[in-house]
Amino acid sequence: MPDPDDHQTDPPPPAPVPVVLDCDPGHDDALALLLAHADPRVDLRAVTVVHGNQTVDKCLRNALAVCTLAGITDVPVARGADRPLVRPLRVAPDIHGESGLDGPDLPVPTVVADPRDAVTLLHDVLTAAEQPVTVVATGALTNVAMLLRAHPEVVRSVRGVVWMGGSTGRGNITPFAEANAANDPEAAQHVLDSGVPFTMVGLDVTHQALVTADVLGRLRALGTPLARTCVGWLTFFAGTYDEQFGMPDPPLHDPVAVARVLDPALVRVVRTHLVVETEGRWTSGATVADLHGYSGRAANADVALGLDRDGFFDLLVAAVASYG
Ligand code: BDR
Ligand code: CA
């Protein structure tokens, strides 16, 4: 006869990781936002928007439209920098369209922007948090660098910066620079120099997250309006990637950075010395990861090299499904 007092209780699930998302939606940023808000392992506390895929105003409108579409009403969204720290603005209509999120029609946003600017919102959220917060950044690092410049002491409130950007090899906007790195190399180097724990989730892994027909099929099979919109975004993205790079199965860059936070085992990293080229005539924005230790310099970053692709897309499809 079992003793009724002798029951086993499951351990409580670990507390969600507090996260802020700094982004430039952007097709893959939109999916990163959906993933970060859906998964119970993350407590998304703020969304801040930066220039990049389009002007900051267009990216802000897109972020608000994504929140409206998905019913995300409990997360403040703030406008950030409208240009890089020292370089001219460069946007990417060739990849993300004139709106920055071309493809399916989006609702006129009913979610409104927070009155604070991105640096103020980030500072408020980080300093109010009961534990250090992870900053997931999926655009140029201008907002994050401006935060660390204005409030250097906030480093103590940052558990780490997990950045979609860079590459240990070739680039995607110049031969050696990835777009988020090339758009503001000085900002990326400033964040590295701040000493904040830094993870680079670059093209090495995001080009392992290719949206193949089976992924589109799984999303389509969900049959929800949001899933249909995601398929529309990814179909647009596939078209521009095919035109620009001859890649009809586009890489889903930004959600991989979120996945690294949700389930670190999905993204394998190596610890190494990392620096961003800010002076190169032909290579500015190149992220130079000293994988073989040539420089003898101390490691200052985790650099992502491997992705559990199946695990990643399971996570993504489940996130979209969770919105119903
Ligand atoms: C990065 O650039 C942008 O087009 C994407 O949103 C992603 O953050 C990939 O190089
Ligand atoms: Ca992005």
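**How the helices cross**

Start with α1 and α12, which are roughly perpendicular to each other because angles of 65 to 115 degrees count that way, with under 35 degrees being roughly parallel, over 145 roughly antiparallel and the rest oblique. Their axes cross at roughly 75 degrees and come within 9 Å; axes are lines fitted to C-alpha atoms, for helices over the stretch in contact, with angles from 0 to 180 degrees between N-to-C directions. Helices here are DSSP runs (H or I, at least four residues; strands are E, at least two), numbered from the N terminus. On the α1 side, L31, L35 and A38 meet L315, L316, A319, V320 and S322 of α12, where contact means heavy atoms within 4.5 Å.

A note on the source: this is a predicted model, with local features needing pLDDT of at least 70 and side-chain atom pairs pLDDT 80 or more, while totals for chains, interfaces and linings use all residues. Residues count from 1 along each chain as its sequence is written, chains are lettered from A and ligands numbered from 1 in the order written, and side-chain values use heavy atoms, leaving out hydrogens and water.

Now turn to α11 (residues 253-262), whose axis comes within 6 Å of the α1 axis, crossing at roughly 25 degrees. That makes α1 roughly parallel to α11. Among the α1 residues in this contact are D28 and D29, with H253 and D254 among those from α11.
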